[in-house]
Amino acid sequence: MSTAMTGQAKPGQEAGRSRLAAFGSAFVSGGYTMYPVLALLVLVGAIVAPNFATGINLINILEQVSVLGLTTIGLTFVVLIGRLDLSLEGIVGFAPMLAAVCLVPATAGGFGFELPSWMGLVVALGTAGLIGYFNGFMVVRVGLNPFISTLGLLVLLRGGVLIVSNGRSIYSPGPALTYLGSAKLFGLPVSVLVFAFVAIAIGLVFKYHRYGRALYAIGGNEDAARAAGINVDRVIWSAFVYAGLLAGLAGVLMTGRLDSAVTTQGQGIIFSAFAAAVIGGVSLGGGRGTMVGLVSGVLLIGVINNLLTLAQVPSFYVQASTGAVIIVAAVLTTVASRRSSGVRTRT
Amino acid sequence: MDITRPIVEMRNISKTFGSTKALKGVDFTVMHGEVHALLGRNGAGKSTLVSTMSGLVASDTGTIRIAKTEVTANGQPYAAKIRDDIAHVQQTPQLFNLLTVAENLFLENAVVQKKFGIVSHKRMLDKASALLQKWNINIRAEALAGELSAGTRQLLEIMKALCRGVPVIILDEPTAALSNAEKRMLFEQVKALKALGISFIYISHHLDEVFEVADTVTILRDGLVVKEREKVSNLTVELIADLMMGEKTARSVRVDHTQAEAPPLLRAKGVGLYPVTDAGVDFHIQPGEIVALAGPVGGGKEALAMMLAGQLTPYKGKISGSNETLPTIGLVPTDRHASGYVGILGVRENVAIGGLELLSGRFGFIKLDKEAAHVGGLARQTNVIASSLEQAVSQLSGGNQQKVVFARALCQNPQVIVALSPTRGVDVGAKEQLYALLRDLASRGLGVVVVSDEEDEIAQLANRVVTVFEGKITGELRGDYTMKDLILRMEGVA
């Protein structure tokens, strides 16, 4: 029995090949598929654009992707359980805007509450969490399809941003609110450190925490997870809350970097987040995806955008080529994962 | 047409599913205007035989002639060729829930079509209303099929088959969901159509129905015909049971570890199995006891098991443990593909999700060494064969998948295990291993509840058999019951 379990009884001739195959499938399932592509891009970038491989530019890329990165991690919570949340984009814009109007005086476009600046963080994250809770309620209790319920909320929040801000951006909302997105520690932007910390912490949760195991189980087969005694409804509900909180944090970073809450803040980010997740090997069907892969997807999008800009490609072409790259990368990840595991997945 | 010639003639029909030979060269004939009952135990090949007749499942060998159409089977689909000669009413209604009653009844039926295949709604509704009236069913033709009760849906399925105007109709367990009044209605219609020369193939688990409605009986056992075209008047219940059971008396290897004096592990008091019911069910399970829940599909045995497992809230009544707290319960669900395993995850992860609380330490992080040891132990206990514990469960054989589901159910160290159809679609070797596992668990003092449709399985395992029918417990066998007791009980005669 034990030999059958470990597979050590295989003839030596096949061992080399199967070790390679095992390495290949571990490489893909671990989420490393895109790293060679990323390395290649960086190499090409260093050759074609002299400004690319400088420390300042690389840090700049990391700073730019930290907002997208946090949104993508949030999105991955709900995608792992086979759901989706379009309203994250709305949260990125709405949560920091609501915080900003609570902080600044009425003359600067605020409500006139003039709350202390640290309260801005509480308002932003609290709002984000509550919106996530509402999404969870709609999906778990009311039984709405998350596509339509979060789409509606996305549109609602876009309007909400304009309502609370009266259609005007809020400048310099307060030092505590903007600290995470603008300050530097040890020569690195705090936003990069926040992204790295969140990615590592949640990466560990996905892989080693019982909550992460429950996410994968529900995404793979919800009924089986239920039969195994997992409280499926509670996990789904909480995943929406975590997604909302992370989108709120992403919004705070963005507001900090710009030192203002802009009315168009976050628009279009949900598409990049989906692209980053899929490029990173997160299956939209649920149950599959790793933090390592997700981060590769986020970095890839950041590097491509940066490279195209540095190479002085006209901006119209930047957008179109990003789209093309997303499709190619998604094909690559899907094919790689199918070939390595032999299990068909819905991307 | 020569009515002395059989309307259905099947010669040398065989069918293999994977490693199971469901039919081993069966001959079967049906005459004009005959109600021909097909009997046999679960797994004898009845449903497979009628499915090859209608083309739902393509036969591997032999010839099939229905009315004037003849096909030579070679495993390729032939349903389209015989579509106009035969109708097949399956065990579970195949209706479109979002279409109306009328649309369901006349789907793809030429009588309601005008030029260019345009469907006349008026004609369809008129015909449907007339049909409903003839059957004395009090529903509107515009009602959605999804809104109807199980019995009405079953009748609708039968009506749909009857109004296609085919000469041969297969009824596979048509009465499972019907009330007594609905049954009467069905039998009347069958008799009326029989007088018009229509032939029926009738499968039922209720021998009393067979004696009432059938003219001829054919009995299958293990994919072979053991009694061909016997007049129903020449048969008795006893004789039929003997023929169905066969010579081999199942080795009764069941052992009784029941700790009768100990307090019950789990107790159900006045539990309602249906949303609207007056009946309440009392049930208990002792340590070391293996109890089988038997009875017709939809009769409530699955509901009772899911309520015992804590997956379904009883509509009334209460489920309790020996003291205030409920025991830990492991569940093996009825359909492992739908709700048993997570195909894209490996063996380790699949087993571990059954016991995440047990395997995680402070802050909820999984203790990896404990996980490896515990899951490895369970995989050995359940004899899972995989290339490694990381292999995706969807790549395993059916038997090994089921063992993974058992390992998962055991992961939280349960005191009670509830297993629904524990060996469905599992090869013989794995079956024996799973039986041995369940007996072993009982010997260690676990309570085991098994829901099964297979007499063999129950006879090999259960110290007590509880039959559940129409939301009530209708009988109990305990201790030294015989195979015959069991079969008669499950065929609804005793």
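Q: Let's start with two strands of chain B: in which sense do β13 and β18 pair, and over how many bridges?
A: This is a predicted model, and in it strand β13 (residues 290-294) of chain B pairs with strand β18 (residues 464-469) of chain B in the parallel sense, over four bridges. Within that pair, Ala294(B) stands opposite Thr467(B) of β18(B).

Q: And which sheet do they belong to, what's the strand order there?
A: The sheet is an open one of six strands, and in chain B the order runs β15-β16-β17-β13-β18-β19, with mixed pairing. At the edges stand β15 (329-332) and β19 (472-478) of chain B, and each has a single partner strand, so one side of each is left without a neighbour in the sheet. From one strand to the next, the twist averages 20 degrees.

Q: Which helices pack on it?
A: Helix α8 (residues 301-308) of chain B packs on the sheet, where it touches β13, β16 (416-420), β17 (447-451) and β18 of chain B. The direction of α8 makes about 150 degrees with that of β17(B). Helix α14 (residues 428-443) of chain B also packs on the sheet, touching β13, β16 and β17 of chain B, and its direction makes about 145 degrees with that of β17(B).

Q: Stepping back, how many helices and strands are in chain B?
A: Chain B has 16 helices and 19 strands. Its radius of gyration is 25 Å, close to the 23 Å that the globule rule gives for 494 residues, so chain B is as compact as a globular protein of that length. Taken along the principal axes, its C-alpha atoms fill a box of roughly 75 × 50 × 45 Å, and 47% of the 494 residues count as buried.

Q: What domains does the assignment give for chain B?
A: The domain assignment gives domain 1 (8-245), domain 2 (250-327 + 415-494) and domain 3 (345-413).

Q: How do domain 1 and domain 2 of chain B touch, how many residues are in contact?
A: In chain B, 15 residues of domain 1 are in contact with 14 residues of domain 2. On the domain 1 side, the elements that give two or more residues are α6 (207-213) and α7 (237-245) of chain B, and the largest share, four residues, comes from α7(B). By class, that side of domain 1 has eight nonpolar, five polar and two charged residues. The centres of the two domains, taken over C-alpha atoms, are separated by 32 Å.

Q: What about chain A, how many of its residues are in contact with chain B?
A: There are 29 residues of chain A in contact with 32 residues of chain B. On the chain B side, α9 (336-340), α10 (347-352) and α12 (368-381) each supply at least two residues, with the largest share, three residues, coming from α9(B). That side has 17 nonpolar, twelve polar and three charged residues.

Q: Changing topic, which residues of chain A have a positive phi without being glycine?
A: Among them are Asn166(A), with a phi of about 60 degrees, and Phe186(A), with a phi near 50 degrees. As background, most residues other than glycine have a negative phi.

Q: Where are they, and are they buried or exposed?
A: Asn166(A) lies in the loop between α7 (146-165) and β1 (170-171) of chain A, and it is exposed, with 11 other C-beta atoms within 10 Å. Phe186(A) lies in the loop between β2 (184-185) and β3 (188-189) of chain A, and Phe186(A) is exposed too, with 6 other C-beta atoms within 10 Å.

Terms used. Residues are numbered from 1 along each chain as its sequence is written. Chains are lettered from A and ligands numbered from 1 in the order in which they are written. This is a predicted model: local features need pLDDT of at least 70, side-chain atom pairs count only at pLDDT 80 or more; totals for chains, interfaces and linings use all residues. The radius of gyration is taken over C-alpha atoms; the globule rule is 2.2 Å times the number of residues to the power 0.38. A residue is buried if 20 or more other C-beta atoms lie within 10 Å of its own, exposed if 12 or fewer, and partly exposed in between; C-beta atoms are placed from the backbone. Two residues are in contact if their C-beta atoms, placed from the backbone, lie within 7 Å. Ala, Val, Leu, Ile, Met, Phe, Trp, Tyr, Cys and Pro count as nonpolar, Asp, Glu, Lys and Arg as charged, and the others, Gly among them, as polar. Two strands pair if DSSP finds at least two bridges between them. Axes are lines fitted to C-alpha atoms, for helices over the stretch in contact, and angles run from 0 to 180 degrees between N-to-C directions. Domain bounds come from an automatic or database domain assignment.
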